[in-house]
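Please walk me through this structure, beginning with the charged side chains and ending with the chain as a whole.

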Amino acid sequence: MTVRVNKDAFNIREKLSELEGLANAGASKVIASATKNTGMTLNTVSTPVQFPVTTIDTHGKFSNTNSRFTVPVAGDYFVMFNVNILSNTNVSNVRMQVDGSAVTGYTISNTNHPRMNFTMSGILDGLGVGQYIEIGAFVNTGTVAMDNAGRLMIYKLWYRSITEASKVS
């Protein structure tokens, strides 16, 4: 890193302390994790996947009732999940959803499969306070069973560009 000094006196310890303070001010650790313990039946309407057992929830924003995580701090979130769908001769679909709508590029589909583990991870960027994240699943025709195995993990990403961090006057 290059430090440019535009003043006659410059205290490097003071500036490092200021930079550290800026970094810590924006670093709010948001972590949520939940697991499945019951199966469910999927049909042709995207249904939120139930993850009723919360294992970690730093901000108390994961609902065991509807399996939605409500964003407590604006920013980018890393989401990972896995679920098992039993044998299906039609198309099974599992996807990330924000505010009930599919997130483009975050849908897994598979046709004519045996019991299969659907696993996905991705970054949902620019989420605002109060928006919610959920996992939706559906089939193109008929119904299919999802078993009781699965996990959902959500982490808030925090980073500040060097340019932003160095704008300390």
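Arg68 is partly exposed, with a relative accessible area of 28%, where partly exposed covers the range between buried (under 20% relative accessible area) and exposed (over 50%), computed with a 1.4 Å probe on protein chains only. The model is a predicted one, in which local features need pLDDT of at least 70 and side-chain atom pairs count only at pLDDT 80 or more, while totals for chains, interfaces and linings use all residues. Residues are numbered from 1 along each chain as its sequence is written, and side-chain values use heavy atoms, with hydrogens and water left out.

The side chain of Arg68 forms a salt bridge with that of Glu134, at 3.4 Å from N to O; the term requires a side-chain nitrogen of Lys or Arg within 4 Å of a carboxyl oxygen of Asp or Glu. This pair links distant parts of the chain, since Arg68 lies in the loop between β4 (53-57) and β5 (69-70) and Glu134 in strand β10 (residues 132-139), 66 residues apart. Glu134 is buried, its relative accessible area being 3%. The charged end of Arg68 also sits over the ring of Tyr132, 3.9 Å from its centre, a description used if NZ of Lys or CZ of Arg is within 6 Å of the ring centre and within 35 degrees of the ring normal.

Two salt bridges are found in the whole structure. Asp147 is joined to Arg115 in this way, with 2.5 Å between the closest N and O atoms, and here too distant parts of the chain are linked, Asp147 being in strand β11 (residues 144-157) and Arg115 in the loop between β8 (101-113) and β9, 32 residues apart. Asp147 counts as buried, at 12% relative accessibility.

Beyond its neighbours within four places in sequence, Leu127 has contacts (heavy atoms within 4.5 Å) with Val71, Ala74, Gly75, Tyr77, Val98 and Ile133.

Buried residues make up 34% of the 169 residues, and among contacts with a separation of 6 or more, 73% are between residues 24 or more positions apart.

Methods. Helix = DSSP H or I, 4+ residues; strand = E, 2+ residues; numbered from the N terminus.
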